[in-house]
Amino acid sequence: MGRRRKGRDISGWLVVDKPAGPTSTTVVNKVRWALNANKAGHAGTLDPEATGVLAIALGEATKTVPFITDAMKAYEFTVRLGIATNTDDAEGEVIATSELRPDDDAIKDALGKFIGDIQQVPPQFSAVKIDGQRAYKLARDGETMELAARPLFVEQLLLVDRPDADHVTLEMVCGKGGYVRSIARDLGQALGCLGHVRELRRIWSGPFEASEGLTLAQIEDMARTDALDAHLLPLEQGLQDLPEVKATPEGATRLRNGNPGMVIAHDVEYGDEVWASFEGRAVAVGRFKAGELHPSRVFNQPGSA
């Protein structure tokens with residue numbers, strides 16, 4: 001029999017403005033402790049030296065994590081021109097240098113190659129699995145791997161600042177699976193000057209914004225108090241990209257038991273993925289078919305009837 005997790009049965013989202021240094025897992029553990037929650041997870045890993053929005057899901061909200069992971073995200077990052085590193089960021093070893101420094105017009109022209117549906121090769125130091133092992137573990141052992149390119153949709157990539165000849169600050173809006181380090185590496189190669197990420201900040205992720213996030217210091221100050229609970233966002237925040245349908249009372253009961261249930265829907269087509277609410281709270285996610293929701297995920301929120 002598995003060991004039961006200790007802690008409160010709470011559900012919702014807490015938005016953290018992650019500082020540079022701690023891993024995403026460290027932040028999750030800090031939030032779980034501060035809220036005395038029995039279950040927590042995050043929606044989209046940030047590298048230790050990256051900052052910005054890290055959305056932490058508690059309890060039943062962890063079932064909505066995939067929808068935030070799949071959502072569009074925005075990053076602001078500074079590329080150091082003239083230097084390539086083995087990690088494609090400032091933490092790695094310098095592997096090549098260049099004296100070339102392109103002007104702003106050349107950079108703007110090159111950015112167009114990275115907008116739309118592109119193919120991106122992950123960094124050597126990444127969590128991609130190679131024959132069951134993480135690429136970063138193999139890279140630490142000195143292995144060089146041929147990593148397969150992966151599709152990425154980039155909606156926007158803009159030059160927002162040029163502090164000096166060696167640095168350029170960019171803002172990118174992209175879909176799931178993007179590596180900002182790869183963008184910096186490939187941009188440097190396209191310009192012929194090399195490059196790596198110097199600083200990285202995730203501005204927003206789906207409905208969550210870094211400007212609305214709590215710092216770790218604030219979380220520690222409010223730990224185990226009602227003040228921290230007041231910052232919890234509802235589970236439903238993680239479902240904003242899906243259409244909402246309304247469950248009937250009988251439909252809600254059937255959905256909570258994992259069965260198809262009757263819903264009232266508008267502007268929804270047969271087969272669409274939607275979420276059903278009852279009295280303002282999420283009951284289930286699934287496919288809409290002929291007036292019913294066929295559930296794939298069911299929510300058992302604390303306090304639901």
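Which residues of the largest nonpolar core touch the most other members? I opened the predicted model with that in mind.

**Core**

I looked up the core first. The largest nonpolar core holds 26 residues, and Phe77, Leu157, Leu170 and Met172 touch the most other members. H5 gives the most, with five residues.

**Phe77**

I next took Phe77 and left aside its neighbours within four places in sequence. Phe77 is in contact with Leu157, Leu170 and Met172, among others. I also noted Val168, Thr169, Val180 and Ile183 as contacts of Phe77. Val197, Glu199 and Leu200 complete the list for Phe77.

**Whole protein**

I turned to the overall fold. I count eight helices and 18 strands in the protein. The C-alpha atoms fill a box of roughly 70 × 45 × 40 Å along the principal axes. Of the 305 residues, 47% count as buried. I checked contacts between residues at least 6 apart in sequence, and 67% of them join residues at least 24 apart.

**Surface and charge**

I looked up the surface last. The protein exposes about 15,300 Å². Carbon and sulfur atoms supply 47% of that area. For charge, I found 35 positive and 44 negative. Their mean positions are 9 Å apart.

Technical notes:
Residues are numbered from 1 along each chain as its sequence is written. This is a predicted model: local features need pLDDT of at least 70, side-chain atom pairs count only at pLDDT 80 or more; totals for chains, interfaces and linings use all residues. Side-chain values use heavy atoms; hydrogens and water are left out. A nonpolar core is a set of buried Ala, Val, Leu, Ile, Met, Phe, Trp, Tyr and Cys residues joined through side-chain atoms within 4.5 Å. Buried means under 20% relative accessible area, exposed over 50%, partly exposed in between (1.4 Å probe, protein chains only). Helices (H or I, at least four residues) and strands (E, at least two) are DSSP runs, numbered from the N terminus. Contact means heavy atoms within 4.5 Å. Accessible areas come from the Shrake-Rupley method with a 1.4 Å probe; for residues, only the protein chains shown count as cover. Lys and Arg count as positive and Asp and Glu as negative; His and the chain ends are not counted. The place of a charge is taken as NZ of Lys, CZ of Arg, CG of Asp or CD of Glu.
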